[in-house]
Each structure stands twice: as structure tokens, then as C-alpha cells.
Amino acid sequence: MNDYIKPLPQQVKGAVSQKYWDSLKEEKFMYQKCNDCDFSIFYARVVCPNCMSENLSWHQSAGEGTIYSYTTVFRTGTPGFKSEVPYVVGLVDLAEGIRVMGNIIGWDDPEALQIDQVVSLEFRKATDQYTLPVFRVIQEGE
Ligand SMILES: [Zn+2]
């Protein structure tokens, strides 16, 4: 037991998402692709949402993406997050064609963030069971 007090998802043993969570612990971000129509899939599913095929395979993201949208949280009702305000939650479009929600970190001023700004995936260990993806802003000139 550690002192992580933020809410975490409830994992269901044997769920299709198990590989996703296990891979995060190894600092790999895995998503699915449909072997029949080549559609990229995130979050993990049993059936392709594009063609209904069950012929899916897992692939590792390179972790490069751009900000699709974001919001800055200045006040939170969730006790575990109170020490972190302001923080940024965003939707990131990864280069593999999937959209992922996560914290956006590495900024000096959240009001200077831009839609389509380049971000890079990093991993944050929350507990022994959970590692979470976060996205670091890539500054111009880096
Ligand atoms: Zn498909």
C-alpha cells in the first residue's frame, strides 16, 4: 500500500483491457488494430467499431502526438487532486490514429498551450498495479 489517493479505474480480471494495463506497467502504450480493415482502436475492445470484425491485434504506440483539446483545472472536488491544481487534462491524438485522454504536463503557463501542439507520451507509476500515461509538451527548439 502506498499513499496514492486519487481515484483509479477498477480492473476486471480477464477483461480485454488487461493487456493495456499490464503493458503500461512495462512503460509500453498498447492499442489495437483491426486486421481486416486496418482501423486503429483505443480503448481496448473485443470487436472492431469500424467493421465489427473480431480479428484484432495489439500494437505499441511510439508515443508521439498532438493536443486535440484540453482544459485546465483550477478547482477540484476530488481530494486527491487538490495539491496539484492547476493541472491540465487533455485529449491527445497519437500518430497511430487514436485519441487518448490524459494529463498534459511540462508547461510553464497552461494558457499558452495550443491545439495541435506536439506532445510526447510518458509514464507515471501510481501504484504497484497502475501506471498511467501522461503527455509532456514538447517546447519549440527541443
Ligand atoms: Zn475493422
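Colleague: Which residue in the turn between E5 and E6 has a positive phi, and of about how many degrees?

Modeller: This is a predicted model, so what I describe is computed from predicted coordinates. Strand E5 covers residues 87-94 and strand E6 covers residues 99-105, and the two run antiparallel, joined by 6 bridges. They form a hairpin with 4 residues between them, and the residue in this turn with a positive phi is Gly 97, at about 95 degrees.

Colleague: Which residue in E7 is the bridge partner of Glu 64?

Modeller: Strand E4, residues 64-73, and strand E7, residues 118-125, run antiparallel and are joined by 3 bridges. Within this pairing, the partner of Glu 64 in E7 is Ser 120.

Colleague: Which strands stand at the edges of the open sheet, and why is one side of each left without a neighbour?

Modeller: The open sheet is formed by 3 strands with antiparallel pairing, in the order E2-E1-E3. Each edge strand has a single partner strand, so one side of each is left without a neighbour in the sheet, and these strands are E2 (40-41) and E3 (56-60).

Colleague: Which residue in E2 does Lys 33 stand opposite?

Modeller: Strand E1, residues 30-34, runs antiparallel to E2 and is joined to it by 2 bridges. Here Lys 33 stands opposite a residue of E2, namely Ser 40.

Colleague: How many nonpolar, polar and charged residues are on the side of domain 1 that touches domain 2?

Modeller: The chain is divided into domain 1, covering 14-60, and domain 2, covering 62-142, and their centres, taken over C-alpha atoms, are separated by 22 Å. The contact between them takes 7 residues from domain 1 and 10 residues from domain 2. On the side of domain 1 that touches domain 2, the residues divide into 4 nonpolar, 1 polar and 2 charged.

Technical notes. Residues are numbered from 1 along each chain as its sequence is written. This is a predicted model: local features need pLDDT of at least 70, side-chain atom pairs count only at pLDDT 80 or more; totals for chains, interfaces and linings use all residues. Two strands pair if DSSP finds at least two bridges between them. Domain bounds come from an automatic or database domain assignment. Two residues are in contact if their C-beta atoms, placed from the backbone, lie within 7 Å. Ala, Val, Leu, Ile, Met, Phe, Trp, Tyr, Cys and Pro count as nonpolar, Asp, Glu, Lys and Arg as charged, and the others, Gly among them, as polar.
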